[in-house]
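Please look at the following structure before reading on.

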Amino acid sequence: MMKKKSVSARKASLVLFLCQMISALDVPLDSKLLEELSQPPTITQQSPKDYIVDPRENIVIQCEAKGKPPPSFSWTRNGTHFDIDKDAQVTMKPNSGTLVINIMNGGKAEAYEGVYQCTARNERGAAVSNNIVIRPSRSPLWTKEKLEPNHVREGDSLVLHCRPPVGLPPPIIFWMDNAFQRLPQSERVSQGLNGDLYFSNVQPEDTREDYICYARFNHTQTIQQKQPISVKVFSTKPVTERQPVLLTPTGSTSTKVELRGNVLLLECIAAGLPTPVIRWIKEGGELPANRTFFENFKKTLKIIDVSEADSGNYKCIARNRLGSAHHVISVTVKAAPYWITAPRNLVLSPGEDGTLICRANGNPKPDISWLANGVPIAIAPEDPSRKVDGDTIIFSHVQERSSAVYQCNASNEYGYLLANAFVNVLAEPPRILTPANKLYQVIADSPALLDCAYFGSPKPEIEWFKGVKGSILRGNEYVFHDNGTLEIPVAQKDSTGTYTCVARNELGKIQNEVHLEVKDPTMIIKQPEYKVIQRYGQASFECVIKHDSTLLPTIIWLKDNAELPDDERFLVGKDNLTIMNVTDKDDGTYTCIVNTTLDSVSASAVLTVVAAPPTPAIIYARPNPPFDLELTGQLERSVELSWIPGDENNSPITNFVIEYEDGLHEPGVWHYQTEVPGTQTTVQLKLSPYVNYSFRVIAVNEIGRSQPSEPSEQYLTKSANPDENPSNVQGIGSEPDNLVITWESLKGFQSNGPGLQYKVSWRQKDVDDEWTSVIVANVSKYIVSGTPTFVPYEIKVQALNDLGYAPEPSEVIGHSGEDLPMVAPGNVQVHVINSTLAKVHWDTVPLKTVRGHLQGYKVYYWKVQSLSRRSRRHVEKKILTFRGNKTFGMLPGLEPYSSYKLNVRVVNGKGEGPASPDKLFKTPEGVPSSPSFLRITNPTLDSLTLEWGSPTHPNGVLTSYILKFQPINNTHELGPLVEIRIPANESSLILKNLNYSTRYKFYFNAQTSVGSGSQITEEAITIMDEAMASRQVDIATQGWFIGLMCAVALLILILLIVCFIRRNKGGKYPVKEKEDAHADPEIQPMKEDDGTFGEYSDAEDHKPLKKGSRTPSDRTVKKEDSDDSLVDYGEGVNGQFNEDGSFIGQYSGKKEKEPAEGNESSEAPSPVNAMNSFV
């Protein structure tokens, strides 16, 4: 069926919708017409296929149909004729096929279970309903059972089974208590899809005796109750936590089959303590967005409207902090039959051809079968015009006796589809359904649509005339729609008149007249203007309009897009709005709306209310838009535009900008045309052919641009030859044997007329060939096939339309498609510059062998092996591209002392040519990298052992290793540097004759014949005197020494206590006397109240302690603080004990400050260091 052009809704008050018919013949839904035309039966209403009824009420089986003449009805039950006259309980509604089975007066619903089918028949055919399965609903009672109490240990899982009775339809399950309150559910306790109540782990609060399962049967509005279930939870301490275990489904995998379009429900409920959390994933894919929902605390995955794409494996994962469990559900989505193309009614004229198509899909693929008037088509009466071809019935040269109703049945194991479609053969003379002398009114420059709704068989031809004796309407000024409507895209005043529609076919002819009136548009010629009014002043807005004299306008004023306030201060006049005694709340936007029966225009202005200034201020604003635009002197390529300027608003207009709209090609889009000085109010405008022009003017001053003026009247210029040809013409081949010619198409207004096309011409350059041409439309590309590879072509593209050609276009040079280069570069030479850089040379290839645009050369090079290791590795090729017709290139980043290969290839726009023969070259030696490691082990009194690894990148043949080392003293000063050369085959060295307990710094590097590589450094220390250490360890294990040390410790403790007491009493002891002799004036006396030493008089707590301070903030005694510190005697080599435990060397000379050297100098004194203090 041909697609119908849509008719504008606002213009199509009597546009008639189409029936669902496939043919060149459409029957409008006109009640009078439908009453007169014969039509086979159509089922309009029927009961559902699966019809569950209430056994307490009458059964109503619906079957309604329409047709001309009205159809009669009959029924079958379980495949045989159902004689309703013989059953007193069954009646059929008048003028209907609906059955009413009387159950309320003694009938039993169970007696009428079965499969019913309705047939509606008239002289043109028979339509049948679906098979309607009648089943009464059932709500059986729960079977009696003895329920034992459930004794459960705290933390264990529990399942309370519901097991409701089997009903029709299945009941809705819920759990409640004795008080009819729903039992609370959570992540821990929830109801499964089967109605059972699951506890992931029970808690003491779960103990109760009234867990009751209810089943609600909606069809009969009854609720059945199971006996209460008792649960008693006993506690054990501690409660054992358990990792998740799935309660349902069981096992590791399961399967699920669901039908297309249904809701897929998957469930996983797990036991465990703590309560597991459920997560869902789809293996190998994502859960479908916008169709996936999680229910029952994420234990149920719900996917709506499933399709075959939703098949797959779905995994639920239950997890708590002890572990996880999972289950995989394999989902298969099957499909009951569904329509791809359902058969549609077919209306034909005698002698015409047509087809009925019945296409359905499903999983598995459904079987298609046909019936004619309810009888399988194989045994139906023969029709020579009918041929069955699978899912299609083909009709050829039909006659009126070919009318019938055909049924298509698509079925598989999951269901069936049944569709009726009639073939109605009609022979009718033309009829026009649009009322005679109908009046259409439109605004000038807008579309006009004149209706001519018609019917006839065969389909009539429609012609339009203007006036009683006018000629037939043709040309680009009109659009003729398939439904008979005449469209005038741009109605002008001269379009007014009487139009005649004529419909004719071989059986007759009829005509109808309609009338068109084109009205002037409504315009606001003086718009409301922006106002700044002082408080309590008066504001007035004008709204002067111009309209068609036959139209009655109405003016409405709005404030901020709402009705005006109900206030007597607002006075609405014929063409103005006045506001008296304005206040601050009157601020806002005021809009004037002018409505007629055909159009509506509006204009707005802002009112700003300000306080009265001390002196009047001059308001500067953008100018008001120009108005009253007028076109005069219309010529084919020019027109004169004039206008009246709006108010300048205290800032002179500097210029006017003129814009145009092309209503034919780009309606609603405004383009810049020109601009003129502010003193000028007329301009001569240059025009292009075949453009429906509208103009508007914008005024500009120093403040800004005005709003655009109202558009001028439209002016449609005449068509002409194109003035220009397409631009950016190119010819580039996409394949070796073609030439793709492209260009930028002309814009709509550049076409200069209807029927824009392009003449594409080409010929091979430098060959005495004629031009080959082709004319194309609505494209910007043409492909020439069968061309030689990469040869130049002369190309030109010329525009033309229905009136002729554009000027002769200029020629451009293009090339047919490229192919891969044929030969490789020759005479490839390599010059090695240094160990990491090489220069490669080659000869250019002949241009004719390039077979395309020469883009450059590519050098492929790769390392074959390292000459020092003789070991091959994975070849990683590197590529360098050299643009243009170069004959050499540099290869940087090479590895020294290595063997490389390279080849060179020429490159064009198609790709790379063959490679040149591989060229082998070698890089010279370089300096090695640093040794891979340096370890110093086995320190002794005068020796260290050095071990090292060879360089990761030797970059040549190693000749030797260089070891340098020097001692580091306590002040971090470096001693003399010693250098040793070691053979390259060594990997360790023992350094002897070193100083004991001394730190050394080592510098180590490898050498090749080129030079030394980077060095690696390490530090190490020789150990102390082994004999002394051994002797001290022996003393420390003697019993007398242990007793001596305990006595010394006790004496020191007593001495400290005595010193502390005497100091508190002001007494002196030797150390105290020495402190007094060297008193520091900055030290304050000890505070009597807390016994602490005096602090600095300086109020800043964080200054370094000065000489004489007793205790630094870090609780250590520094050397420079006091020569009398006990620390000096207890640590270091100068403080020693006599045999009786008394000090030797008290107040001896200061120790030299030991340098902080690594970890050894910064750690706390060790027991060995303490023992070094004793003799």
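1. This is a predicted model, and the remarks that follow should be read with that in mind.

2. A nonpolar surface patch of about 740 Å² is formed by Leu-1050, Leu-1051, Leu-1053, Ile-1054, Ile-1057, Val-1058, Phe-1060 and Ile-1061. One of these residues, Ile-1054, belongs to helix 4, which covers residues 1039-1065. The relative accessible area of Ile-1054 is 44%, and because buried means under 20% and exposed over 50%, with partly exposed in between, Ile-1054 counts as partly exposed.

3. Asp-210 lies in strand 17, which takes in residues 208-217, and with a relative accessible area of 13% this residue is buried. Its side chain makes a polar contact of 2.8 Å with the side chain of Arg-208. When residues up to four places away in sequence are not counted, Asp-210 touches Met-176, Asp-177, Asn-178, Pro-228 and Ile-229.

4. The model also contains an open sheet of 5 strands, in which the order is 29-37-36-32-33 and the pairing is mixed. At its edges are strand 29 (346-348) and strand 33 (375-376), each of which pairs on one side only.

5. Within this sheet order, strands 36 and 32 stand next to each other, and strand 32 (residues 367-372) is joined to strand 36 (residues 404-412) by 6 bridges, with the two strands running antiparallel.

Conventions: Residues numbered from 1 in each chain as written. Predicted model: local features only at pLDDT ≥ 70, side-chain atom pairs only at ≥ 80, totals over all residues. Heavy atoms only, no water. Patch = residues over 30% accessible without salt bridge, like charges linked within 9 Å, V, L, I, M, F, W, Y side chains within 5 Å. Areas by Shrake-Rupley, 256 points an atom, 1.4 Å probe, with all protein chains shown as cover. Salt bridge = Lys/Arg side-chain N within 4 Å of Asp/Glu carboxyl O. Helix = DSSP H or I, 4+ residues; strand = E, 2+ residues; numbered from the N terminus. Buried < 20%, exposed > 50% of the residue type's maximum accessible area, 1.4 Å probe, protein only. Polar contact = N/O pair within 3.5 Å; in protein donor to acceptor, adjacent residues only side chain to side chain. Contact = heavy atoms within 4.5 Å. Pairing = 2+ DSSP bridges.
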